[in-house]
Amino acid sequence: MPPFFGMAFIGYNPKVLNCYSELDDPIIDIPTTDDAAWSHFPNERWIYNKLDIATSQGMKCGPVGVEPYTFPVVLKPIYNMFGGGIEARKIDSKYSFNKYLHPGCMWMQWLEGPHHSHDIMVLNGEPVWHISFKGYPIGKGMFDYWQVVKCTEKIILYVLNWIKKYLSSYTGCVCIETIGTRIIEAHLRMGDVDRLGNYNLMSNIISLYQDKVWNFKEEILEFYLFAIWGQSGIQYTISPDIVKEVCSTLTSYQIDNPDLYYQNPIGGIRLAILNDYNKKSCVAARNRLVSEFRPVVPQYLREKLIS
């Protein structure tokens, strides 16, 4: 999504989503992308260093040049300000490690368990509200869909205690990704919480930054985000009229900018994300929309998605 500079939302304005057309802009700057957050929060931006995230938890890890002594590991950039799992891959042997390593990357122990993304609202270092999304992977960094879930107490307490320890003076949104009970990356911004289309929640997020208060207490138990994937190296197009027709009843949706093809995992490029409180509505919209992209989305990618 292209940046919107000179606005109170720095990075992108959530009002580009169809569900926030009447949302008032805040009167202070709120970073909504990692590059904006890096500049806005100099004291906390160390968390974008994934090697520091791993070492803060005592995990087996190291920069390239320091070889792992057991496999498998995951190889990925130490810094990735674009998201999307760029260049992250599972490495099963020393041969593969030497094949794919390059400067600026790190390795860490391979983790097993469910993959979650957590949006946490933090006030003066204290988490005041959170929501978790579970991802359903289809391989090579791609996900079929994400859904709001109630995580185990073990996972949530681990994340919240890590925030209290390492972000003790921070106020704002934090997005943290976990596999099993370990944190793999963190962001000083919203994750997917803006896709919920909840005006009260978004107003409270603005107040968190603007007024240093938090009053939102609602528990959101169900929401879905369904992705459409295309083949890497291909630029896809779709009719805006068809998108509007198919997606008009969804809570929110986004057709991804093809110029940002490099912000994607090794498995493919995300073409769209379709979001709603009704799972069947997301599936129906995706089944219709996936066939409308040109060139045609390859069958091997379409077969990975539930229908």
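A: Begin with exposure: a residue is buried under 20% relative accessible area, exposed over 50%, and partly exposed in between, with a 1.4 Å probe and protein chains only. At 59% relative accessibility, Lys140 counts as exposed. This is a predicted model, in which local features need pLDDT of at least 70 and side-chain atom pairs count only at pLDDT 80 or more, while totals for chains, interfaces and linings use all residues. Residues are numbered from 1 along each chain as its sequence is written, and side-chain values use heavy atoms, with hydrogens and water left out.

Q: How many helices and strands does the protein have?
A: Helices (H or I, at least four residues) and strands (E, at least two) are DSSP runs, numbered from the N terminus. The protein has 8 helices and 14 strands. Its radius of gyration is 19 Å, close to the 19 Å from the globule rule for 307 residues, so the protein is as compact as a globular protein of that length. The radius is taken over C-alpha atoms, and the rule is 2.2 Å times the number of residues to the power 0.38. Along the principal axes, the C-alpha trace spans about 55 × 50 × 40 Å. Of the 307 residues, 52% count as buried.

Q: What is there to read in the contacts of the protein?
A: Contact means heavy atoms within 4.5 Å. Among contacts between residues at least 6 apart in sequence, 67% join residues at least 24 apart.

Q: Which strands are joined to β4 by bridges?
A: Two strands pair if DSSP finds at least two bridges between them. Strand β4 (residues 73–77) runs antiparallel to β5 (residues 89–91), with 3 bridges, and antiparallel to β6 (residues 105–109), with 5 bridges. Leu75 has Arg89 as its bridge partner in β5, and Val73 stands opposite Gln109 in β6. As for cover, 5 of the 5 residues of β4 are buried.

Q: What do β10 and β11 form?
A: They form a hairpin with 2 residues between them, and Gly180 in the turn has a positive phi of about 65°. The pairing of β10 (residues 172–179) with β11 is antiparallel, over 5 bridges. Ile183 in β11 is the bridge partner of Thr178. Strand β11 (residues 182–187) is mostly covered, with 5 of its 6 residues buried.

Q: Which backbone angles deserve a second look?
A: Most residues other than glycine have a negative phi, and most peptide bonds are trans. Asn124 has a phi near 50°, a positive value in a residue other than glycine. Asn124 lies in the loop between β7 (115–123) and β8 (126–139) and is exposed, at 52% relative accessible area. Lys140 also has a positive phi, of about 55°, and sits in the loop between β8 and β9 (142–149).

Q: Where are cis peptide bonds found?
A: One runs from Phe71 to Pro72, with omega near 10°. Pro72 is in the loop between β3 (61–63) and β4. Another joins Arg294 and Pro295, with omega about -5°. Pro295 lies in the loop between α7 (279–289) and α8 (299–302).
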